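These are notes for a colleague going through the model. The points follow, beginning with the ligand.

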Amino acid sequence: MTQIRRIILTEDEMPRQWYNLAADVNCPPFMSPAGPVPPEAWAPVFPMNLVEQEYSKQRWIDIPEEILSLLSRWRPAPMHRAYALEAALGTPARIYYKNESLSPGGSHKPNTAVAQAWYNKQAGTKKLTTETGAGQWGSALAYACSLIGLECKVFMVRVSFNQKPLPKLMMQTWGATCVASPSLETQAGRNVLDQDPESPGSLGIAISEAIEAAVTDPTGQTKYSLGSVLNHVMLHQTIIGLEAKKQLEKVGERLPDIVIGCAGGGSNFAGLSFPFVLDKIHGAKMEIIPVEPASCPTLTRAPYVYDHGDNAKMTPLVAMHSLGHNFIPAPIHAGGLRYHGMSPLVSKAVVDGLMSPRAINQLECYSAGMLFARTEGIIPAPESCHAIAATIQEAKKAKEEGKEKVILFNLSGHGMFDLLGYEKFMNGQLFDYELPQEIINKNHEALAGYPMP
Ligand SMILES: Cc1ncc(COP(=O)(O)O)c(C=O)c1O
């Protein structure tokens, strides 16, 4: 096999279709008190072309030429063979990673941001609202809107807004407005602040605010855009895994034994793994591991239920693993992994036994990120550190077992905006936090009487 450190595809080799796992994994429908939610019910929130994708069961969906052209500004993303990390671990495993940190915003998020902005523009939308945790999604949408000519307003979870001032400046540079959530601008935000003026916010609250701001806009030309969780977002991200397959083939590598990604709402993990899930469905032996923080253990400890995607219960009920829509996560430094729910497709794939989720504590993740920075050279986002920590666990296991395993993980973003988190880690100011069971139980009281998937 050729010894290549960076496996590069040309623009011509970019995949021309997205893979839709909804063709192969059957999720229960969105529900409201009146029963299953029909596509038209989403019209005030999303443009119908994206709603069609959300409900689609078509296995392969063409990527419009204009979107391919927008993506080609930074794609195809390189795949790296992590020789230096392998050497440091002394592992016989061959470790590969997709490098999504080279996009304009520094993460995988622009893959769906440009697609969503493009479909909205086609449908006549003038302005998009959204939420953001760590800031990566908000800045990706700000970038996409600036490319395509849409206004953009971002509600950023207050704890991250305060921990991380730079993403806000990035959003403003791309012409978006960014406010801390909970804010006084929406009823949903005011309700939370009435209860707790010091609320650190949550993704669930910020989603409520962004949806409210879109649906109450008197012009009717504002829509809401979500950076993760929903099927159409997972779909757009599958370009990651489809490229990865071509890249492994290019160097004569076999299908991976283990595929790993960090999971907040599930999109970067889904993007890398879904095309490989298709192989697994067809008999390939493979372990597919979504990794989450022990402080927000949605897939590993929360039940599979019907719950709202947001705190103010504006969204229909979604069948997913959920810590409860009232969940307020601990302020760990991986803002993108602090969501109470999980992609319905990822949740169902876990229920169906296609994936084996894992929760890892913050300190182990930062240690993994430090080793990665000092071997491979890239400082990873704290979210991506979760994938690296699981990769290291697996590479050590391969060493113990003396097995030449092929491990593929997603480097979902760089950590250049997260250096204050690294500083705290290096100064010994970060702590592990495992979510107490009583909190999970308490939050589930709010789901009493909801249907079960
Ligand atoms: C770098 C990075 N990785 C991962 C995530 C988690 O999101 P998802 O699970 O949708 O990929 C985020 C979210 O903000 C992120 O910024």
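1. The coordinates are a predicted model. The shell around the ligand draws at least two residues from each of helix H5 (136-148), H12 and helix H16 (382-401). H12 gives three residues, the largest share. In total 21 residues surround the ligand, and the closest are Gln136, Ser228, Gly264, Gly336 and Gly413. Sorted by class, this shell holds 13 polar, seven nonpolar and one charged residues.

2. The contact involves 51 residues of domain 1 and 46 residues of domain 2. On the side of domain 1 that touches domain 2, the elements giving two or more residues are helix H10 (231-237), helix H11 (239-250), helix H12 (267-281), strand S15 (317-321) and helix H14 (344-351). The residues on that side comprise 29 nonpolar, 17 polar and five charged.

3. Seven of its eight residues are buried, so H14 is largely enclosed by the rest of the structure. The buried residues are Pro344, Leu345, Val346, Ser347, Lys348, Ala349 and Val350; note that a lysine is on this list. They pack against H10, H12, strand S13 (287-293), helix H13 (298-301), strand S14 (304-308) and S15. After H14 comes Gly353, with a positive phi near 80°.

4. The sheet is open and has seven strands with mixed pairing, in the order S1-S6-S7-S17-S12-S13-S16. Strand S1 (6-7) and strand S16 (358-360) are at the edges with a single partner strand each, so one side of each has no neighbour in the sheet. Within the sheet, strand S6 (residues 79-81) and strand S7 (residues 94-99) run antiparallel and are joined by three bridges. Arg81 is opposite Tyr96 of S7.

5. Most residues other than glycine have a negative phi, and most peptide bonds are trans. The bond from Arg75 to Pro76 is cis, with omega near -5°, and Pro76 is in the loop between helix H2 (65-71) and S6. The bond from Ser181 to Pro182 is also cis, with omega near 10°; Pro182 belongs to the loop between strand S10 (177-181) and helix H8 (187-195).

6. Which non-glycine residues have a positive phi? Val229 is one of them, with phi near 70°, and Lys313 is another, with phi near 60°. Val229 sits in the loop between strand S11 (222-224) and H10, while Lys313 sits in the loop between S14 and S15.

7. Are these two residues buried or exposed? Val229 has 26 other C-beta atoms within 10 Å and is buried, because the cut-off for burial is 20 or more. Lys313 has 16 other C-beta atoms within 10 Å, which makes it partly exposed.

Methods: Residues are numbered from 1 along each chain as its sequence is written. This is a predicted model: local features need pLDDT of at least 70, side-chain atom pairs count only at pLDDT 80 or more; totals for chains, interfaces and linings use all residues. Two residues are in contact if their C-beta atoms, placed from the backbone, lie within 7 Å. Helices (H or I, at least four residues) and strands (E, at least two) are DSSP runs, numbered from the N terminus. Ala, Val, Leu, Ile, Met, Phe, Trp, Tyr, Cys and Pro count as nonpolar, Asp, Glu, Lys and Arg as charged, and the others, Gly among them, as polar. A residue is buried if 20 or more other C-beta atoms lie within 10 Å of its own, exposed if 12 or fewer, and partly exposed in between; C-beta atoms are placed from the backbone. A residue is near a molecule or strand if its C-beta atom, placed from the backbone, lies within 6 Å of it. Two strands pair if DSSP finds at least two bridges between them.
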